[in-house]
Amino acid sequence: MTDDTSSAAPPAPQDVSKTIVEHHIVTEPQGAKPKSKSATSRFLGPIFGLSKPVMGVVLVYSVFATGAWAYLLPNYLALTEQVKELETQVDRLETAVSDLSAEVDRYKEQNEKLEENLEEFAEQNEKLQLSNALYAKLTKSLNTTVHELEEQNEILTESNEEYERLNDELNETASALESEVDELEGAIDDIGETVLEAARLNDDLFDENVVLEGLNGTLTSKVDTINGVILDMNGEIDRLEETVDDLESILGFLEDAADEVDESVEEIAAFLADQIEKNENLLVENLQNTLIQTATGWVCSFQSFFANAAFIENPDTPIGAADYPEVLLYIERNVLEPLCLDVVDFESFLAADNGLSTPPVEVTVNQLISSVSEYTTSALNYYFPDEGEEGLTNEDWEAAQYDCSNLPDELKFEA
């Protein structure tokens with residue numbers, strides 16, 4: 001707006017005056033008489049020392065300058081109001097800038113907190129990754145343990161089925177034994193009657209022998225008398241011959257009865273021997289199944305007993321000197337003693353089996369389970385060998401009353 005005003009201003013007075021003078025000089029005709037001056041001209045001219053043309057220009061300039069000022073004054077006042085409004089706006093902007101600065105500071109603080117949180121989250125993420133790796137390893141170990149437990153469960157299922165089959169056979173055998181016992185009791189009653197009859201006949205024979213011995217004594221003492229009266233004794237001899245015939249008949253009957261008794265006793269003895277052998281086999285099989293269950297069923301209870309120990313959480317970690325004695329004591333009480341196995345011999349086997357020194361305190365749980373399984377399997381193969389293999393016999397178990405604690409030292413298992 002200032003630029004437009006300056007461009008519209010009239011030219012400087014000096015230039016206008018000059019132009020007018022020049023024009024006056026050019027246009028005024030020669031020889032003309034000068035015009036008379038007005039009173040005003042005569043009054044102002046001497047005061048300002050200006051000529052009439054100059055004074056005219058000054059007057060014209062004054063008029064235009066006053067009109068320009070009258071035109072510019074309202075605009076100036078309007079500009080002043082606008083400047084005040086602009087100052088107000090500037091104050092508002094400064095206030096807004098201050099508020100924005102405070103917000104920027106707050107956002108900086110929030111950003112710093114976010115960066116700290118991001119660092120903490122990064123650390124937590126690393127810890128979670130380590131935990132995931134550990135959980136993966138534990139999951140793998142758990143899957144292995146589950147697989148072993150499934151195998152052991154299958155073994156126990158087979159054992160239970162075998163127990164059921166043996167129990168059925170035992171029930172059938174018991175029923176058969178009851179029937180045979182009834183028959184045996186009947187046979188014993190018959191044998192008792194036969195024995196009583198034989199005893200009666202034996203008493204009669206004994207009486208006859210007494211009579212014969214008395215007669216023999218009498219005859220011996222009276223041989224000379226008999227020789228003298230032999231003819232009189234013919235009748236007596238005939239009677240004695242008849243008596244002898246009777247005795248021979250009695251003897252024949254006794255011999256037949258004795259043969260029948262011998263045959264009955266032999267049959268009974270053979271039957272009883274067969275039943276005894278079957279019962280011995282059942283006892284040995286039951287003992288074998290019991291010991292197998294003891295040798296294979298300890299792992300779950302062991303893991304439950306030591307559930308909070310580090311070597312259970314990571315079964316590949318060494319048990320360590322602090323926990324080894326308690327672990328060995330648990331194995332001794334729950335596995336070795338029921339199988340009548342020596343703990344010192346087992347500890348030597350455990351160390352040799354895993355390439356460790358005695359005591360093998362650096363053994364892991366996985367190594368311990370494997371060594372116990374191998375050691376007890378060898379012991380069971382010795383206790384109950386297959387045909388042709390070295391080990392105990394049914395006679396050895398019968399002598400020990402089917403209890404391994406009754407076995408003599410020379411028959412106990414050693415690795």
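Buried means under 20% relative accessible area, exposed means over 50%, and partly exposed lies in between, as judged with a 1.4 Å probe and protein chains only. The model is predicted, so that local features need pLDDT of at least 70 and side-chain atom pairs count only at pLDDT 80 or more, while totals for chains, interfaces and linings use all residues. Residues are numbered from 1 along each chain as its sequence is written, and side-chain values use heavy atoms, with hydrogens and water left out.

View 1. The chain has 12 helices and 0 strands, where helices (H or I, at least four residues) and strands (E, at least two) are DSSP runs numbered from the N terminus. Of the 415 residues in the chain, 19% are buried.

**View 2. A patch of negative charge on the surface.** Asp105, Glu109, Glu112, Glu115, Glu116, Glu119, Glu120, Glu123 and Glu126 gather here in a surface patch of negative charge. Such a patch is made of residues with over 30% relative accessible area and no salt bridge, like charges being joined within 9 Å; a salt bridge is a side-chain nitrogen of Lys or Arg within 4 Å of a carboxyl oxygen of Asp or Glu. Asp105 is placed in helix H4 (residues 52-221), and this residue counts as partly exposed because its relative accessibility is 44%.

**View 3. The aromatic pair of Phe306 and Tyr330.** The structure holds 15 aromatic pairs, in which rings of Phe, Tyr and Trp (its six-membered ring) have centres within 6.5 Å, with planes under 30 degrees apart counting as stacked, over 60 as edge-to-face and the rest as tilted. Phe306 and Tyr330 form an edge-to-face pair, at 5.9 Å centre to centre and with 75 degrees between the planes. Phe306 lies in the loop between helix H7 (299-305) and helix H8 (310-313), whereas Tyr330 lies in helix H9 (residues 324-336), so the pair ties together parts that are 24 residues apart in sequence. Phe306 is buried, with a relative accessible area of 7%, and Tyr330 also counts as buried, at 10% relative accessibility.

View 4. Tyr382 and Phe413 form a tilted aromatic pair, at 6.0 Å centre to centre and with 50 degrees between the planes. The pair links distant parts of the chain, 31 residues apart, with Tyr382 in helix H11 (residues 365-383) and Phe413 in the segment after helix H12 (394-399). Tyr382 is buried, with a relative accessible area of 19%, and Phe413 counts as buried at 10% relative accessibility. Ring pairs link Phe346, Phe349, Tyr375, Tyr382, Tyr383, Phe384, Trp397 and Phe413 into a cluster.

Conventions:
Patches are made of residues with over 30% relative accessible area and no salt bridge: like charges are joined within 9 Å, nonpolar side chains (Val, Leu, Ile, Met, Phe, Trp, Tyr) within 5 Å. Accessible areas come from the Shrake-Rupley method with a 1.4 Å probe; for residues, only the protein chains shown count as cover. Lys and Arg count as positive and Asp and Glu as negative; His and the chain ends are not counted. The place of a charge is taken as NZ of Lys, CZ of Arg, CG of Asp or CD of Glu.
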